[in-house]
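Dear colleague,

I am passing on the structure below, and after it I set out what was found in it. Please read the notes with the coordinates open beside them.

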Amino acid sequence: MIPEARQRLRSGATLLNDLRLFSVHPRRQLNVSRPLLGRAAAPRPRPRERVEIPGLEPITYGARSHYVPGLAKPVYPRWEMGHKDPRFYRSPPHQQMALYKEKACYLFNQRTSILEGVRQALWLTKTKQTTGLPSQLLSLAESSANQIADQDERVMNVIKHARFWEMTEMEPPQENYCSTLLHSLLQLCSSLQASHPVLGKRMLAEKYSLTASWNRGEDLFQVRGQNGLLLSSTTPLPPLADRQEVEETENHVLETFYPVSPTIDLQTTHLYSPDRMTTGFCGDYPYPHAHTLYFPEGVDRRNRLRPPQLRAKMIMFCFANALARAHTLYGAAPQTLDQPVCVQAVATDGQNLQLAFFQLNTTDLQHHHGVKNQVSTGRAGRLIDRRHVL
Amino acid sequence: MAAPTRSSLHSLLHRNVRFSGGIRRILHTEAAAVPPPPAYPPMVPSLTANSKSSKRYRYELRVENVRAAAVEEKLRLLTRVQRKKYMVLPQTLARNADQWYQCFTKTAYIPGLPDTSSSSGVGRTEEVEGSTPDQLPQDDEDLLGEVRSLVSHALLQEHWYLEQRKRPALYKYQEHVVEPYVRNLVTGLTSCLATRNPLLLLASRDLKPEVNFYWTKGETIVPRGHRRGRVDPIRFQIDDKPHSQIRIPKQLSQFVPMESSYGLEVPEIKISPDMMPLFKRQYDNHIFTGAKLPDPARYGHTQFHVVQDRFHRNRLTKLNQADQVEVLLRAHGCSSLFCWTGAQAMYQGFWSREDLTRPFVSQAVITDGQFFSFFCYQLNTLALSTDAPADNPRKNILWGTESLRLYERVEEGRVVGLDDGVLRLLVQFLMNKPREA
């Protein structure tokens with residue numbers, strides 16, 4: 001045979017031998033380290049269960065300082081540093097904390113996505129919904145005194161700018177697009193200040209933090225945290241539903257969705273201050289009345305809400321703002337308000353605009369009967385038809 | 001008789017070119033101004049040879065292509081090839097950065113602001129009575145009162161009224177406290193002044209826009225790589241992100257005529273930009289004013305910048321470098337405004353080989369919440385590269401103020417020491433509009 005062929009055969013034979021060696025046992029890694037073969041570490045065996053028999057003291061190998069088969073593992077108390085060091089602070093268990101309460105409180109924050117959407121929000125806030133915005137608001141929008149010059153063209157330019165022209169890339173990310181759109185539309189609306197000086201009596205707050213708490217049935221609910229942009233005004237919004245409509249809401253029965261509990265998807269906590277109520281501003285803020293809330297959706301990339309959940313979020317935060325302000329104006333006692341407190345909201349996810357007008361008629365939310373609050377929700381059409389985008 | 005004579009003379013002209021000047025003189029008076037069509041095609045260098053003349057010819061053809069193209073195609077052709085370039089940072093902390101940046105952008109600095117008394121607006125502190133005749137002093141005072149309350153409310157909202165929040169994390173103070181306050185300030189001021197300056201009604205206000213510019217100046221030899229030994233232009237790129245800017249559909253009028261920049265001095269630095277320190281990277285070349293070409297608001301009005309958290313006045317004063325505070329702000333103003341005006345000019349089709357026919361003008365306000373600096377810039381020339389004419393006498397001009405304190409401090413729900421002069425300057429800046437020709 002040719003010497004090279006013989007050599008090749010021999011090398012082939014050693015290869016076969018090696019293969020046989022490797023195929024002996026799947027777990028045996030002869031002569032080769034585990035990471036090189038690319039396999040994960042074998043799982044650790046579970047520690048033995050510690051058995052405590054009251055009255056009996058276990059004999060441990062602690063005195064012997066080494067493991068002795070048959071003796072129990074010693075348990076030592078946790079070592080405490082003599083001084084306070086914030087890097088190694090261990091928080092005490094919840095039961096020992098100052099704010100601990102036996103009863104649970106249900107929290108709603110800006111990232112909560114509730115299962116039943118609008119129905120659940122209406123139940124929680126004791127509200128009656130009307131689809132479609134009130135005619136007074138629609139007439140305001142259609143009246144020619146409130147139109148901007150070349151309105152259609154300018155709105156088109158604003159949308160195109162936010163969607164196509166704003167960045168050097170082909171399509172800006174959704175968080176940029178939503179915020180830009182909202183701010184540009186707000187700036188367009190503020191150009192009416194010449195004919196409507198009341199527009200100058202408003203201030204936008206971007207990172208304000210709200211807390212509102214109320215009792216509903218046997219449960220305690222709280223709405224907390226930052227939520228969106230708040231346009232505050234020096235004068236309150238006038239209510240759109242008159243006294244008769246407010247009294248008619250007494251006959252309305254809130255929709256339940258048994259077997260789903262109304263507290264589903266709400267964060268439970270035992271550490272809270274009950275009756276905590278803050279508008280987000282302290283002292284005598286020059287713009288004490290909440291006018292409109294703006295929610296640019298898509299800013300939090302990991303938590304994008306679907307339209308029903310977005311509407312629920314709008315209702316909850318409008319309610320929280322109204323409740324906090326009613327608390328400062330009329331006190332903490334649950335009552336039916338003579339002057340309802342109104343807040344509006346606008347939310348957008350880039351494709352659609354959701355609008356809501358909330359009217360707080362009562363702060364007596366414990367019982368299911370009585371006067372209800374009212375919300376009117378509306379929707380503006382799609383801003384961009386993706387099929388026709390170049 | 002003229003016709004036969006002319007034709008014989010015409011044929012003479014063609015056949016007897018080498019005759020003495022006398023005949024040519026007679027011929028020249030009679031000959032028509034139109035030269036005859038050439039008998040042979042023009043002699044040009046080769047398109048494919050590896051010779052210097054061929055390369056030069058090909059380069060000139062490329063330049064002609066760019067000249068003939070539409071604006072969008074021009075921008076694409078000029079920024080097509082990626083090469084290593086210096087990243088010029090507007091918010092720099094390098095010492096004496098203003099000298100370097102003035103050298104890169106061929107900008108001359110004039111302290112103080114240009115005289116804009118011909119454009120209507122609230123006059124500066126020392127010339128309240130000297131403002132335009134249609135502006136009544138009472139009106140002036142009402143406006144100033146409104147602006148004062150707006151500014152104090154915006155300031156107090158962030159510093160006083162908003163509920164106790166956690167202290168912002170390291171280097172996040174500007175983002176969480178100063179930027180919302182400046183945003184409210186700009187919004188409020190533009191809405192308030194829109195009645196008096198109708199241009200602001202048509203303006204587009206961008207928040208945190210990208211503004212980019214790419215240019216070349218000077219030459220160097222490529223040190224290593226497959227292009228080693230070749231003469232290469234030095235490339236620069238500015239990627240700026242102002243806090244907010246106002247763009248308008250009509251151009252602002254020039255502050256001074258272009259010719260007045262001929263006598264100004266621009267610092268010349270012979271050392272390589274690496275010594276600044278300035279670093280090179282290769283990535284996409286962008287030229288962007290804040291919006292793409294189809295946007296109708298193509299010209300710039302005012303930019304607002306918030307200085308970075310790392311810029312500490314107190315630290316520089318302690319190091320006995322208090323003058324560097326103004327130097328760094330000036331460098332910031334120079335680079336940001338050159339970037340913006342340059343991009344605006346390129347959007348109109350001007351570039352290094354097709355220089356500006358009219359100056360481009362923009363303004364900037366740089367602040368850290370308490371101190372405000374005002375800058376005005378006039379771009380007179382974009383011909384900075386080596387293949388542009390070397391004897392270009394035009395220079396770009398930057399006017400700027402020192403940093404002025406707006407307020408002393410905030411205590412007990414009120415603003416102490418609010419300076420009216422700074423408010424007037426802010427109003428004057430926003431009231432700037434093109435002069436009616």
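Leaving aside neighbours within four places in sequence, Ile315(A) is in contact with Val118(A), Ala121(A), Leu122(A), Thr125(A), Phe358(A) and Val375(A), where contact means heavy atoms within 4.5 Å. This is a predicted model, in which local features need pLDDT of at least 70 and side-chain atom pairs count only at pLDDT 80 or more, while totals for chains, interfaces and linings use all residues. Residues are numbered from 1 along each chain as its sequence is written, chains are lettered from A and ligands numbered from 1 in the order in which they are written, and side-chain values use heavy atoms, with hydrogens and water left out.

Ile315(A) lies in helix α8 of chain A, residues 307-330 (helices, H or I, of at least four residues and strands, E, of at least two are DSSP runs, numbered from the N terminus). Because its relative accessibility is 1%, Ile315(A) counts as buried (buried means under 20% relative accessible area, exposed over 50% and partly exposed in between, with a 1.4 Å probe and protein chains only). Between the C-alpha atoms of Ile315(A) and Arg301(A), which are 14 residues apart along the chain, the separation is 22 Å.

Ser335(B) has its place in helix α9 of chain B, residues 323-347, and is buried, with a relative accessible area of 1%. Not counting residues up to four places away in sequence, Ser335(B) touches Pro90(B), Tyr101(B) and Ile238(B).

As to the chains themselves, chain A has 8 helices and 11 strands, and 39% of its 390 residues count as buried. Chain B comes to 10 helices and 14 strands, with buried residues making up 50% of its 437 residues. Of the contacts with a separation of 6 or more, residues 24 or more positions apart account for 74% in chain A and for 78% in chain B.

The largest nonpolar core holds 148 residues, of which Leu293(A), Leu360(A), Tyr181(B), Phe213(B), Trp215(B), Phe372(B) and Phe374(B) touch the most other members (such a core is a set of buried Ala, Val, Leu, Ile, Met, Phe, Trp, Tyr and Cys residues joined through side-chain atoms within 4.5 Å). Apart from it lies another core, of 9 residues, including Ile148(A), Val158(A), Ile159(A) and Leu192(A).

Turning to the interface, 30 residues of chain A are in contact with 34 residues of chain B. The area buried between the two chains is about 2900 Å², of which carbon and sulfur atoms give 52% (buried area is the accessible area, with a 1.4 Å probe, that two parts lose on being put together, summed over both). In chain A, Trp165(A), Thr168(A) and Gln187(A) lose the most area to chain B, together 22% of what that side buries.

Across this interface the rule finds 1 salt bridge (a side-chain nitrogen of Lys or Arg within 4 Å of a carboxyl oxygen of Asp or Glu). Glu206(A) forms a salt bridge with Arg183(B), with the closest N and O atoms 2.5 Å apart. On the side of chain A that touches chain B, two or more residues each come from α5 (151-165), α6 (174-190) and β3 (202-205) of chain A, and the largest share, 5 residues, comes from α5(A).

With best regards
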